[in-house]
Amino acid sequence: MEMSSRKPVGRFRQIIQVPKKVVRDPRFESLCGNLDPDGFRKRYSFLYEVELPAEREKLQKLVKKSKDPEETEKLKKHISWIDKQLKSESGKSRDAEILAEHKKKEREAAKHGKRPFYLKKSEIREQSLIQKYNNLKAEGKLESFIEKRRRKNASKDHRYMPYRRPANED
């Protein structure tokens, strides 16, 4: 077979066929098993209960000692990241707890012949808010929380209030 002289020759010719590397992503491979979120949460709960709070304390001490503003800023960003992680994990664990409790009740009801009812995300959120309300009420912090929420909403409403027109515009 003759090659056309009008087409430019490729720079790198493949002389020997090398088997192509197969890149595997463990998130989507069945070989790596399936993710068990509850088991994962149980096995790595020490990170959120012990490690991250300890690291947060250590970083706060470093922030107080640090003189360099760039270093201080970096440390503060890391502290805020840790706070965000702890807050999200506590929310997820609360939702998982609500879901597990609901599943337990549904299993009991299914034994008696009732058809299962699955919770929607909005219902889980509603139950977590009820749980938060009950916790605040038990701790005696409900009034301050509601007052804070009221002030926040009032400031939001105030932002959208129209300005008063000047009186002497003709």
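I began with the order of elements, and from the N terminus on the protein chain runs α-α-α-α-α, which comes to five helices and zero strands, where helices (H or I, at least four residues) and strands (E, at least two) are DSSP runs numbered from the N terminus. The radius of gyration is 29 Å, well over the 15 Å that the globule rule gives for 170 residues, so the chain is more spread out than a compact globule; the radius is taken over C-alpha atoms, and the rule is 2.2 Å times the number of residues to the power 0.38.

I noted that this is a predicted model, in which local features need pLDDT of at least 70 and side-chain atom pairs count only at pLDDT 80 or more, while totals for chains, interfaces and linings use all residues. Residues are numbered from 1 along each chain as its sequence is written, and side-chain values use heavy atoms, with hydrogens and water left out.

I looked up burial next, and buried residues make up 11% of the 170 residues (buried is under 20% relative accessible area, exposed over 50%, partly exposed in between, with a 1.4 Å probe and protein chains only). The largest nonpolar core consists of six residues, Leu 52, Leu 59, Val 63, Leu 75, Ile 79 and Ile 82, a core being a set of buried Ala, Val, Leu, Ile, Met, Phe, Trp, Tyr and Cys residues joined through side-chain atoms within 4.5 Å. Helix H2 (45-65) and helix H3 (69-111) each supply at least two residues of this core. Leaving aside residues up to four places away in sequence, I found that Leu 75 touches Leu 59, Leu 62 and Val 63, with contact meaning heavy atoms within 4.5 Å.

I then turned to the charged pairs and counted nine salt bridges in the structure, each a side-chain nitrogen of Lys or Arg within 4 Å of a carboxyl oxygen of Asp or Glu. In one of them, Arg 41 pairs with Glu 89, the closest N and O atoms being 3.1 Å apart. Arg 41 lies in helix H1 (residues 37-43) and Glu 89 in helix H3, so the pair ties together parts that are 48 residues apart in sequence. Arg 41 is partly exposed at 24% relative accessible area, whereas Glu 89 is buried at 12%. I also saw that Asp 38, Arg 41 and Glu 89 are linked in a network of salt bridges.

Last, I checked Arg 150 and Glu 147, whose salt bridge has its closest N and O atoms 3.0 Å apart; these two are three residues apart in helix H5 (residues 142-159), separated by about one helical turn.
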